Amino acid sequence: MALLEVRSLTKTFGGLRAVEDATFEVKEGIIFSVIGPNGAGKTTLFNCLTGILQPTKGTVYFEGKDTVGLKPHTITGLGIGRTFQNIRIFPEMTVLENVMVAQHSRTRCGIISAIIRGKGFIHEEASIKEKAIEYLEFVNLSDLAKSPASSLPYGDQRRLEIARALATEPRLILLDEPAAGMNPQETAELMVLVERLRQWGKTIILIEHDMRVVMGISDWIIVLDHGIKIAEGIPEEIQRNPAVVEAYLGKEFTY
Amino acid sequence: MIRALIIASGLCLLVLPLMGIKSAAIVFISILAVITLLSFIRRHRHIFRIGIKVPAIYKRTAVLVTVMAVLLLPVYGDNYLIDVSSLSGIYIILAMGLNVVVGFAGLLNLGFAAFYAIGAYSTAILTTRLDMPFWLSMPMSVTMASFLGILLAIPALRLRGDYLAIVTLGFGEIIRIVLNNWDSLTNGPNGILNIPSPSIGGFKINRLSHYYYMVLLFVFLCIFVVRRVHNSRVGRAWLAIREDETAAEAMGIDTVRYKLLAFSFGAFWAGLAGALFAGKMHFVSPESFTFMESVLILCMVIIGGLGSIPGVILGAVILIILPEVLREFQTYRMLALGSGLVLMMIFRPQGLLGGRGGAIRG
């Protein structure tokens, strides 16, 4: 059984069909890329999968469970983590706190236990902190744990988002253009990180523009154009697919 | 410098009709001097930075001295000082409560005095009409206020930012108007008189110093509890909602639930402050819970520093003590307060003790 099954997912905004009848499966343990020109509906697709937007039509099954209609925090609880295209860290909290917050759905202690501070609370709090540091070490940010998140340079903020997504302890991680705005060096480092995520046993859905990156790392690619899935396959197939070339470069003009 | 000139002349014009040309000139010059000095300090911050690193031992001594001064206040202070201090205590609790809503969760609430009013009136009604002892009516009033906090939050949660502020403002006014007009229960604009003094066993709390210690006890309780909640999973969830609601939701936080919790937790403290107020004054009337009261509490939170617990305490003390200190200036004291606020917004918009990122460091 596939980890994620999407069946005829459609999202319309008024007359605009942002995603139309998308059907695909994501197998466990792979790097699955979603590519397509600007405005193809990639981020809308992500938002539908994570519950930020409700799909107009269609079904989404995660581990065999229907997730359509669930709230974003419930979906996070089920095991889908994500990053955002336009960085959305918590700027005024420290780097460490950013990652600590993300363990919310994996922890229990409420307001009463926070006041009483019994054994359970102290233990949980220590474990939250310990794990947060672990995730920061994974993305190589543990040295900056105490700095305010807003003080990080751009590339580090992107990596912090990944650490934060990891801290929700997901089986499936959605990365929305994690390399946007990075230089080739940073992008290469990031891709090593994504590869390590896979080795850690996470399944990854990646939105990315940089073709070299996508082709080098992906196990499976789907291509969206104007909300419609126009192709899917392994990287080599996608590169040769005339419909994909057309979507990116336009149709060859013949006399 | 131009900005300084504009500010100084603006305030000077305000003062002119009240105090005459001579005082206005003094105001003008002194403001200009203060602003120039402040901007000099700001520009050459690095010179002063070295001096700011205070060794931990001094900090601890300072805290100890403050706590001793507060504890022994009735020993060395006169009745007036004790009274004003008790009032500050009540406002510290209020400001701490509002800080949870505005400072932690980032939900602007302009009707906070409504919960204060609910706490005070519940205590007043329960003790005078039903002859309930104070210590029984207090938890009931607090529960009532928290419950109303949730009730207000349910419709308000659909709104963000300014819209939320307007709804809470409306809610505050509704409560005040209901209190003003529901004669059979609240005795209308005349208010409720003869609220009995609280007593423990046979010991009646009826002297100013007794009240002072009673309020102080609850202030310490409030600081203790709010600090602990702030530094926890719940507090972090609130901060995350303040920073970015969508991202908070994606991190697994049930934002609706935590906003409700913030509203009712904040209202809890307002209710407590209301009960203390009723027990201290022996009298409540709608006049004590106007929109200006909500604004005053909000000012305390903002002046002290949004989200910073020591800041909010300082803000409450300043805004209660300052008008008292300025009492001899009579009519001008609100003016002085207003200009202080304006200067504050220009030079230190994050509040006196509000550094970046509020107070907690996990």
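Reply: The account below takes the salt bridges in turn.

The model is predicted. Over all chains, a search of the whole structure finds 18 salt bridges. Side chains of opposite charge can pair when their charged atoms come close.

One of these pairs joins two chains: the side chains of A:R88 and B:D244 form a salt bridge, with 2.8 Å from N to O. The pair links two chains because A:R88 lies in the loop between β6 (80–82) and α3 (95–101) of chain A, while B:D244 lies in the loop between α11 (233–243) and α12 (245–250) of chain B. A:R88 has a relative accessibility of 24% and therefore counts as partly exposed. B:D244, at 11% relative accessibility, counts as buried, the cut-off for that term being under 20%.

Within chain A, the side chains of A:D156 and A:R159 meet in a salt bridge at 2.4 Å, N to O. These two residues are separated by about one helical turn, because they are 3 residues apart in helix α6 (residues 154–167) of chain A. Both A:D156 and A:R159 are buried.

A further salt bridge connects the side chains of A:E5 and A:R7, with 3.0 Å from N to O. A:E5 counts as buried because its relative accessibility is 18%, whereas A:R7 counts as partly exposed at 31%.

How values were computed. Residues numbered from 1 in each chain as written. Chains lettered and ligands numbered in written order. Predicted model: local features only at pLDDT ≥ 70, side-chain atom pairs only at ≥ 80, totals over all residues. Heavy atoms only, no water. Salt bridge = Lys/Arg side-chain N within 4 Å of Asp/Glu carboxyl O. Buried < 20%, exposed > 50% of the residue type's maximum accessible area, 1.4 Å probe, protein only. Helix = DSSP H or I, 4+ residues; strand = E, 2+ residues; numbered from the N terminus.
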